[in-house]
Amino acid sequence: MIMEFKGQNGKIIIFDDHIAISRGTLGGFVSQGGYSGDRKFFYKDISSFEYKKPTLFANGYFKIITPGTHDTNARVGILGSSTASMKDPNTIVLRAFTSKVGDETDKIYNLIMDKLSEAKREKLGTPPTAISKMDELKKLGDLKSAGILTEEEFQKEKEKLLNS
């Protein structure tokens, strides 16, 4: 696991090769009518990813779209979120009680978009652009500074990067 974020109707968990949506939270249990298990989405299978940044005044969301997904209108706003958004199995509704939440969800979104780009390049057989290890170390340091990665997670990812 690289990162995770708890939303109103579950949590999104970011891995190297996939994203998981877990409903193993109180909000997930209530919105799904019971624990519905975790959903796993491999980056190579994701068609697109929607993101609306949460603010102090309005909810936001992460939404994973895959082939065959039944689209729901992920309406979120000042007065709350639509029932359809809360029940959508591919959507995590985000609520920002502080401005740091929006910054954290931005970082998660950027990481997911990097992983999706990488998966699409691999699918097309296009070599990834050359990114120096120093750039990657800086990104890891930023994630640690933001409190998204623990010291242990940072050291583990740093070691993996340096040994690759």
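**Salt bridges and selected residues in a predicted model**

Lys-11 and Glu-4 are joined by a salt bridge in which the closest N and O atoms are 3.8 Å apart. The structure described here is a predicted model. Across the whole structure, a search finds 11 salt bridges.

**The Lys-11 and Glu-4 pair**

- Side chains of opposite charge can pair when their charged atoms come close.
- In the pair of Lys-11 with Glu-4, Glu-4 counts as partly exposed because its relative accessible area is 35%.

- A salt bridge connects the side chains of Asp-16 and Lys-115, with an N to O distance of 3.2 Å.
- This pair links distant parts of the chain, 99 residues apart: Asp-16 belongs to the loop between β2 (10–14) and β3, while Lys-115 belongs to helix α3 (residues 99–124).
- Asp-16 has a relative accessibility of 40% and is therefore classed as partly exposed.
- Lys-115 has a relative accessible area of 13% and is therefore classed as buried, since the limit for that class is under 20%.
- A network of salt bridges links Asp-16, Lys-115, Glu-157 and Lys-160.

**The Asp-88 and Lys-63 pair**

- Asp-88 and Lys-63 form a salt bridge whose closest N and O atoms are 3.7 Å apart.
- Asp-88 is in the loop between α2 (83–87) and β9 (91–94), and Lys-63 is in strand β6 (residues 60–65), so their pairing ties together parts that are 25 residues apart in sequence.
- Asp-88 and Lys-63 are both buried.

**Ser-22 in strand β3**

- Ser-22 is located in strand β3, which covers residues 18–22.
- With a relative accessibility of 5%, Ser-22 is counted as buried.
- The side chain of Ser-22 makes a polar contact of 3.0 Å with the side chain of Asp-38.

- Ala-146 is counted as partly exposed because its relative accessibility is 39%.
- A distance of 7.5 Å separates the C-alpha atoms of Ala-146 and Glu-104, two residues that are 42 residues apart along the chain.

Technical notes:
Residues numbered from 1 in each chain as written. Predicted model: local features only at pLDDT ≥ 70, side-chain atom pairs only at ≥ 80, totals over all residues. Heavy atoms only, no water. Buried < 20%, exposed > 50% of the residue type's maximum accessible area, 1.4 Å probe, protein only. Helix = DSSP H or I, 4+ residues; strand = E, 2+ residues; numbered from the N terminus. Polar contact = N/O pair within 3.5 Å; in protein donor to acceptor, adjacent residues only side chain to side chain. Salt bridge = Lys/Arg side-chain N within 4 Å of Asp/Glu carboxyl O.
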